[in-house]
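Please walk me through this structure in the viewer, stop by stop. Tell me what to select next and what is there.

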Amino acid sequence: MFPASVTAESDVRAPSTGRAWLAFPVAILLLVGGLVLSLAVGARFIPFDQVVLSLFGTGDQNVINIVGELRVTRTVNAVICGVALGAAGVLMQALTRNPIADPGMLGVNAGASFGVVAGLSVFGAIGATETIWFALAGAAAASAVIFWFSGTRFAAGSPVRLILAGVAFSAVLAGLSQSIVLTDERVLDAFRFWRVGSLTARSVDEALPLIVFVVVGALIALLLGPALNAMALGDDSAISLGVRPGAVRGLTLLSVTLLCGTATAIAGPISFVGLVIPHLLRRIVGPDLRLVLPLSLFAAPTMLLVADTVGRVIGGGFIGDGGEVQVGVVTAFIGGPLLIAYVIGRRRERLS
Amino acid sequence: MTARSSVLPMDDLVLRGPSWSLRIGRRAALACGILLAALVLLLAAALMIGDYVVTPGALIETLLGNPPDRLTGFFVLGRRLPRALVAIVVGASLAVAGAVFQMLTRNPLASPDVIGVSSGTSVGAVVVLLVLGGSFDQAAVGAVIGALVVAGVIMLLTARSGLHGVQLILTGVALSAIAMAVVDYVLSQVFVASATTAQTWLVGSLQGRGWPDLVPAVIALAAIVPLLVWIAPDARMLALGDSVSTALGVRTVRARWTLLVAATLLVAVAVATAGPISFVALLAPHIARRVAGTASFLAAALVGALLLLASDLLALYAFPAPIPVGVVTITVGGVFFLLLLWREGARRG
């Protein structure tokens, strides 16, 4: 499957490959650190030994309650959503050949929301399992539109036009959702709870079955790595290297849909994870997707876990009482400035 | 002088004073006339239709000061007229602000909502309303401050690359995302009832807008519009590029800052009155350029007023229940924006 010439090329960058193998243990260590942080830190700090004890059902009953019910939920959700959003971000940036693509900004999450609203309005109140199907359908439609647009000559090679199209597309979808929500009180009532969107919205029992979607999506993503590497050279070169661009696009679309649809169904719209992680990883290990994709599966959940923990710790301090800063807000505050820094640091010609 | 006038279309009327001259383009004048007529017609329609239908005769009598019955007077003068006037004022303000931003940045896709100024107003208003516990009037002040802060940050960040260029837009998109994250956070921290009120405001709605909302907006406009009229000739020169306009005697830095402040204030006034209504600022200048054949603030203002008034009528009567006008403009405007991108891309190839 993997073309020899590209292998030869990536072998030239010996230093980055050397760093890459170091990157894996570091990423795994960081993820473990993130998991520990997420379980131990919060409104109340719990020593690590007690955390471990409580996970096995022994120790202080209060600790079991806090860790077992609240923190395990958000930790599990953060890992699922992180894996999904990180891999989806890498795939989107690779396939659209756009360094600033992000599923959240391009409207995939808005598509999932619209799917849920449409489902609610047609079928009335629906359960958690039905919600996921509507979210997936909406995400599929939205990512199909975005990929189609990125492939036309109107957006090809123009990051900014694709982003603007995504912004407008999200706006249209949000407008359509709003017009349904605001005219149908039944839908408003159900949608209100769905779109609050934080890592505590779904219990572990509800979220665990959805892991299947994420695993399938992530596996497809990992298998696509070499083919997408070849596609980075352009469709013609990819074809001559034995890759079928149509099939790769279709599979990428499927994978992004599974990943983003599930993440949105679990946690609501979370932006910027899919933008920041691929950038960070490319800077460390270079553009080879065979390294970036698997690393994103560790790095993105770490970012989400840390963001969630930060939101928990600084929450309550600003307004209200005992509140927390939702993880999506924290990621926006991390990702927004990074995007600005990237844009400002770039020469104009490279973006337009 | 002969050489110059031969460049102009034959029928253009040129008024000359001791130190000024004003060219009135035939097509632009015609277009503005037609737009004005359309606006008056639409205004009449807005006053007549609804659950309580007013006949044309009764409408004229009411407007002349002697309504045929109390109910007609109440609906026309107390409800529909102020709401329609608010729509006109807000639409026109947004449109002119959009025209200024597009001209300043020389980018047809720039508009206060795309580059984040509108999100800044949302943050300001929501913080004042929900965190500081202020009234809706104080929220307007917060909106103005929010708009100025975002505009200032964008200016600072993109000062080196000049205001034009995609950096401005992408910076705005990122700032907008941050601002909306703040809004979401604040909304999630307060009681449901106040969050719902704020949510409706955030979509942009003319529901229940009346004379008390109109008066402060008109007062603010009375201060901003003369400023714009004064700077408009410089603005037209500015469009030729910095070096050319400097050579023609325009103080480019002063002109640019004046325009930026004026446009930001216009957005703030509009948002403080009706909430952040999306895409009117983006759309109106484009349509106006199409219709009038030239970039004219007056034509843009008329188109903006028409757009918002028409959208409000749609929002009121085209759905089973009235919806906020912002929902209509965001949907219609978003589609238009995509078409615009498409055409822009097609031109560049």
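Select A:L95 and show what surrounds it. Beyond its neighbours within four places in sequence, A:L95 is in contact with A:F147, A:L228, A:M231, A:R249 and A:T252. Keep in mind that this is a predicted model. A:L95 sits in helix α4 of chain A, which covers residues 61-95. Is A:L95 buried or exposed? A:L95 counts as buried because its relative accessibility is 8%, and the cut-off for buried is under 20%. A:G151 lies 56 residues from A:L95 along the chain, yet their C-alpha atoms are separated by 9.1 Å.

**Next: two packed helices in chain A**

Keep A:L228, A:M231, A:R249 and A:T252 on screen; these are among the contacts of A:L95. A:L228 and A:M231 belong to α11(A), while A:R249 and A:T252 belong to α13(A). Helix α11 of chain A spans residues 211-231, and helix α13 of chain A spans residues 245-267. Two packed helices are described by the angle between their axes and the distance between the axes. Here α11(A) and α13(A) pack at about 145°, with axes 9 Å apart. The crossing of α11(A) and α13(A) is left-handed.

Show side chains at the contact. On the α11(A) side, look for residues including A:F213, A:V216, A:I220 and A:L224. On the α13(A) side, residues including A:V248, A:L251, A:L254 and A:L258 meet them. Colour the contact of α11(A) with α13(A) by class.

**Next: A:S177**

Stay in chain A and select helix α8, residues 159-183, which holds A:S177. How does A:S177 count, buried or exposed? A:S177 has a relative accessible area of 7% and so is buried, the limit being under 20%. Leaving out neighbours within four places in sequence, show A:F114 and A:V117, which are in contact with A:S177.

**Next: chain B as a whole**

Chain B has 14 helices and 2 strands. Of its 349 residues, 53% are buried. Now look at contacts in chain B with a separation of 6 or more. Residues 24 or more positions apart make up 69% of them.

**Next: B:V280**

Select helix α12 of chain B, residues 280-292, and pick out B:V280. B:V280 is buried, because its relative accessible area is 2% and the cut-off is under 20%. Which residues does B:V280 touch, apart from neighbours within four places in sequence? B:V280 is in contact with B:G91, B:L94, B:D113, B:P285, B:G304, B:L308 and B:T329. Draw a line from B:V280 to B:G91. The two are 189 residues apart in sequence but 6.8 Å apart in space, C-alpha to C-alpha.

**Last stop: the largest cavity**

The largest cavity has a volume of about 60 Å³. To find it, select B:F101, B:I115, B:I154, B:L168 and B:L260, the closest to its centre of the 10 residues that line it. Which helix gives the most to the lining of the largest cavity? That is α6(B), with 3 residues. In chain B, α4 (70-105) and α6 (136-158) each supply at least two residues of the lining. Colour the lining of the largest cavity by class. You will see 9 nonpolar residues, 1 polar residue and no charged residues.

Methods
Residues numbered from 1 in each chain as written. Chains lettered and ligands numbered in written order. Predicted model: local features only at pLDDT ≥ 70, side-chain atom pairs only at ≥ 80, totals over all residues. Heavy atoms only, no water. 1 Å grid on protein atoms, 1.4 Å probe; cavity = no way out; pocket = protein on both sides within 12 Å on 5 of 7 lines; lining within 4 Å. Points joined across faces, edges and corners; volume = space filled by probe spheres on them. Helix = DSSP H or I, 4+ residues; strand = E, 2+ residues; numbered from the N terminus. Nonpolar A, V, L, I, M, F, W, Y, C, P; charged D, E, K, R; others polar. Axes fitted to C-alpha atoms, helices over the stretch in contact; angles between N-to-C directions. Left-handed = near helix turned anticlockwise from the far one by under 90°. Contact = heavy atoms within 4.5 Å. Buried < 20%, exposed > 50% of the residue type's maximum accessible area, 1.4 Å probe, protein only.
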